[in-house]
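My entries follow in the order in which I looked.

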Amino acid sequence: MSQYKPSEIEPKWQAAWDDAGTFTARRDATRPKYYVLEMFPYPSGRIHMGHVRNYTMGDVVARYKAAQGFSVLHPMGWDAFGMPAENAAMATGVHPSTYTYGNIAEMRAQMKPLGLSIDWTREFATCDPEYYGQQQSMFIDMMAAGLVYRKAAVVNWDPVDMTVLANEQVIDGKGWRSNAAVERRELTQWFFKISDYSGELLSALDGLTNWPAKVRLMQANWIGKSRGLQFAFTTTGAPEGFDRLEVYTTRPDTLLGASFAAISPDHPLAKHLERHDPAVAAFVTDCRKGGTTAEALETAEKRGLDTGVRVLHPFDTSVELPVYIANFVLMDYGTGAIFGCPAHDQRDFEFATKYGLPIPLVFVAEGADEAPLSEAYVPMKSEKVRYIRGFTGDTVQTGDTAVTAAIAFCEAAGVGQGVTNYRLRDWGISRQRYWGCPIPVIHCAECGVVPEDKANLPIKLPEDVTFDIPGNPLDRHPTWRNCSCPKCGADARRETDTMDTFVDSSWYYARFTAPHATTPTVAEDAAYWMNVDQYIGGVEHAILHLLYSRFFARAMHKTGHLPATAIEPFNALFTQGMVTHEIYLTRDAAGRPIYHLPEEVTDGKLANGMPVDVIPSAKMSKSKKNVVDPMNIIASFGADTARWFMLSDSPPERDVEWTASGAEATYKHLSRVWALCSRIGEMPGGHVGVDDDAIARATARAVQDVTFGIESFTFNKAIAKLYEFTNILSRSNGSTPAMKTAIRTLAQLMQPMTPHIAESIWSYQGGSGLCANAPWPVADPALLASDTVILPIQINGKRRAEISVPKDMSPAEVEKLVLADDAVIKALGGAVPKKLIVVPGRIVNVVI
RNA sequence: GCCCAAGUGGCGGAACGGUAGACGCAGGGGACUCAAAAUCCUCCGCCUUAACGGGUGUGCGAGUUCGAAUCUCGCCUUGGGCACCA
């Protein structure tokens with residue numbers, strides 16, 4: 001072995017794996033299967049360090065499980081529909097399809113040099129008609145199963161470009177191109193009935209024990225189960241047909257603190273008044289300004305308009321409350337109408353203060369007196385409070401018991417009923433865009449909305465489209481919309497909405513089990529490969545993508561495309577952190593920031609000597625120029641260095657900072673391993689060393705620790721142990737066979753992280769076959785045991801001494817030794833310790 | 001605004017409630033070299049001490065415990081998500 005040259009060995013081993021078909025997944029009834037999946041990428045055209053980190057983690061698991069004897073499925077595909085391709089089309093005129101497939105080719109070419117153990121024969125893109133045609137087929141099945149419907153829903157409307165905008169295209173309430181104030185507008189759109197599964201998606205979270213607790217919690221909060229009271233106010237002065245106003249509240253115990261009622265600007269009553277009252281129309285129109293995000297709605301200034309309508313308090317009809325239209329009441333949640341209890345809700349408090357409404361207290365802190373409030377008093381529901389305007393239950397009780405009692409009281413009194421509500425809304429999948437999966441539905445004047453005949457699938461996107469004017473090219477295409485009704489044969493029009501790209505990513509994991517089948521899935525393949533045993537991706541997908549996938553798997557089961565065992569498709573989930581880098585900044589004459597790429601900066605200075613400001617690490621982004629191109633790293637140090645460094649410095653779930661010094665250090669380490677391998681290879685066969693026993697013990701410990709590190713997803717610790725083992729080995733004087741055995745084991749332990757150098761060492765040191773196919777080493781328990789332990793002695797919790805004792809010495813004997821210790825005798829000064837705590841094998845604490 | 005998470009040396013990070021700082025980076029000292037780079041050896045939280053040692057220390061403030069980076073409560077800061085970015 002001459003010198004460590006990654007550029008020579010890496011292509012060589014990649015070719016060897018290819019030739020041997022090492023990573024082709026095969027259904028094998030004789031072996032247990034393991035399905036590793038990383039969230040598939042959007043084909044932006046360039047891979048970035050975040051991809052390297054994500055796919056390296058998955059690769060470690062895939063290679064480790066393969067070495068453990070599993071039949072591994074580790075596929076790769078492309079989340080290829082979406083807005084960037086249309087944006088590129090608008091900017092440069094290139095067709096979204098050309099753009100996307102070009103990007104895929106480039107990214108694939110950049111990913112292959114990483115040496116990932118991917119089965120590339122299963123690759124597909126969601127924009128392949130072969131894929132989205134099967135998606136259309138499932139959509140039709142879901143329609144038949146009652147999981148799809150249409151209703152009106154609001155979108156961001158750009159009144160200048162006359163087009164629908166995505167949330168990210170709305171900047172400070174303005175359209176990104178037109179700069180016009182965005183409005184909320186209602187359109188009839190397609191929905192999946194995810195709300196049918198609200199309760200199940202929530203309760204099934206308990207079974208996902210190998211998911212991060214925080215993801216489960218975020219999903220639970222997102223589904224947002226609440227128990228409350230729904231009841232109707234009787235109205236006075238309301239238009240005909242609005243003599244009752246249904247409201248929902250999670251705090252019925254505060255009913256006697258009500259000082260107003262409020263309805264959403266989108267409430268039917270508001271819409272009715274809008275048509276008859278110019279003041280209401282003006283106010284409601286004003287409320288519809290701005291984007292549709294929850295953030296925009298909730299941070300907007302709270303405003304209301306008194307409708308003149310009054311409602312009677314259900315407990316005391318002599319009390320009349322005004323009904324406001326309020327911009328912070330959401331039509332999507334509950335009934336779109338609330339009663340305001342300003343004393344115990346901050347939004348209501350601000351509203352009441354602004355409009356001079358009374359703020360009656362319902363309860364005060366236990367032991368406190370009634371006093372005017374400067375802000376809403378909102379204690380935890382689990383906290384006991386003293387009710388001043390309670391109407392049922394004890395005077396002093398928790399909010400929780402008061403709510404339960406209030407619901408029971410109201411039900412008995414005939415005022416409304418207890419209702420379980422979910423915050424989760426149905427999934428709106430309509431997109432008024434070109435580059436997505438066409439919704440396979442036809443609008444017929446006679447038959448109404450009719451699903452396309454499955455024989456006509458896939459409904460392909462037309463090629464001849466342009467993006468020179470805003471709006472959906474499908475909508476203005478001269479012929480694509482024209483079709484005949486599958487039911488009656490009359491001339492009809494095709495649906496021009498395409499599907500949310502989250503639909504594409506909600507079932508790709510299932511498609512990988514039979515990627516080119518003529519049905520969405522194949523029962524035998526799905527049965528063998530599902531579920532995904534380990535899913536890995538960014539925490540930014542913790543809610544939407546994962547929740548939609550969980551829903552879709554259930555829908556696929558209901559429509560016969562997945563077995564019942566696959567309704568929770570991801571057995572284990574790991575969410576990895578981002579890759580960050582420092583930001584380098586100078587300013588121009590006008591004080592505007594100019595960002596500089598890392599390679600332009602040396603020792604805090606530009607090439608011309610100008611010093612840069614260093615801004616602490618942030619997610620790599622093109623606009624901040626704090627990006628490191630993995631291709632450059634591979635060119636200078638090799639893929640093994642990039643892979644190792646991405647795993648080494650931080651725990652996988654946390655952000656990792658890319659540093660040039662860290663990458664260099666990794667390269668130096670791999671070079672040292674290479675040099676060590678050379679040295680061992682050149683040892684005379686008969687060399688006799690003195691450290692063979694210690695080497696065997698260190699090897700066993702390394703096997704144990706690295707295995708544990710991989711199993712527990714603490715790759716940084718596995719790598720620390722590999723450093724330790726390498727350091728021990730390079731300082732050891734062992735006999736030739738002992739050294740060879742040890743370094744072969746080192747190669748095997750490194751193989752999941754740095755597969756190329758591992759293969760080189762393995763073959764050079766006489767390993768048989770490919771290292772990637774070698775069975776994972778097992779530690780000999782006898783070599784892990786140790787006879788004595790060092791026991792620290794604490795005096796009053798501070799370490800003062802230590803003793804070495806046999807591992808299994810009884811606590812009583814340890815006590816004797818401790819009391820005979822010089823430091824302990826000195827500290828006691830002849831007194832008897834108050835307490836003596838012996839934690840066997842761990843520590844001793846003497847309390848004086 | 002709402003939901004979630006994270007804060008430990010100069011830096012990235014270790015630490016079943018049990019010796020805080022494994023491992024790596026940066027830095028100091030030394031060897032090799034005419035010299036430098038590379039490589040190897042060695043030291044390295046802070047204060048104090050000639051040394052042994054002592055004090056102090058895990059964002060801030062309380063609490064539980066023989067013992068808290070770890071558990072509880074309250075704050076501060078930073079990051080992620082908020083339904084049409086993927």
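The notes below go from conventions to the chain and then to the RNA.

Conventions. I am working with a predicted model, in which local features need pLDDT of at least 70, side-chain atom pairs count only at pLDDT 80 or more, and totals for chains, interfaces and linings use all residues. Residues are numbered from 1 along each chain as its sequence is written, chains are lettered from A and ligands numbered from 1 in the order in which they are written, and side-chain values use heavy atoms, with hydrogens and water left out.

Chain A. I found 27 helices and 34 strands in chain A, taken as DSSP runs numbered from the N terminus (helices H or I, at least four residues; strands E, at least two). The C-alpha atoms of chain A fill a box of roughly 105 × 85 × 70 Å along the principal axes. Of the 848 residues in chain A, 52% are buried, that is, under 20% relative accessible area with a 1.4 Å probe, protein chains only.

RNA strand B. I looked up the residues around RNA strand B and found 64, of which Asp79, Asn167, Arg433, Lys717 and Asn845 come nearest; a residue is near if one of its heavy atoms lies within 4 Å of the strand. Sugar and phosphate account for 63% of the RNA strand B atoms that come within 4 Å of the protein.

Atom pairs. A polar side-chain atom of aspartate 79 lies 2.5 Å from a sugar or linking oxygen of RNA strand B, and for asparagine 221 I noted a side-chain N or O atom 2.9 Å from a sugar or linking oxygen of RNA strand B. Lysine 717 has a polar side-chain atom 2.2 Å from a phosphate oxygen of RNA strand B. Helix H22 (residues 715-730) gives the most to the surface near RNA strand B, with six residues.

Notes:
Buried < 20%, exposed > 50% of the residue type's maximum accessible area, 1.4 Å probe, protein only. Polar contact = N/O pair within 3.5 Å; in protein donor to acceptor, adjacent residues only side chain to side chain.
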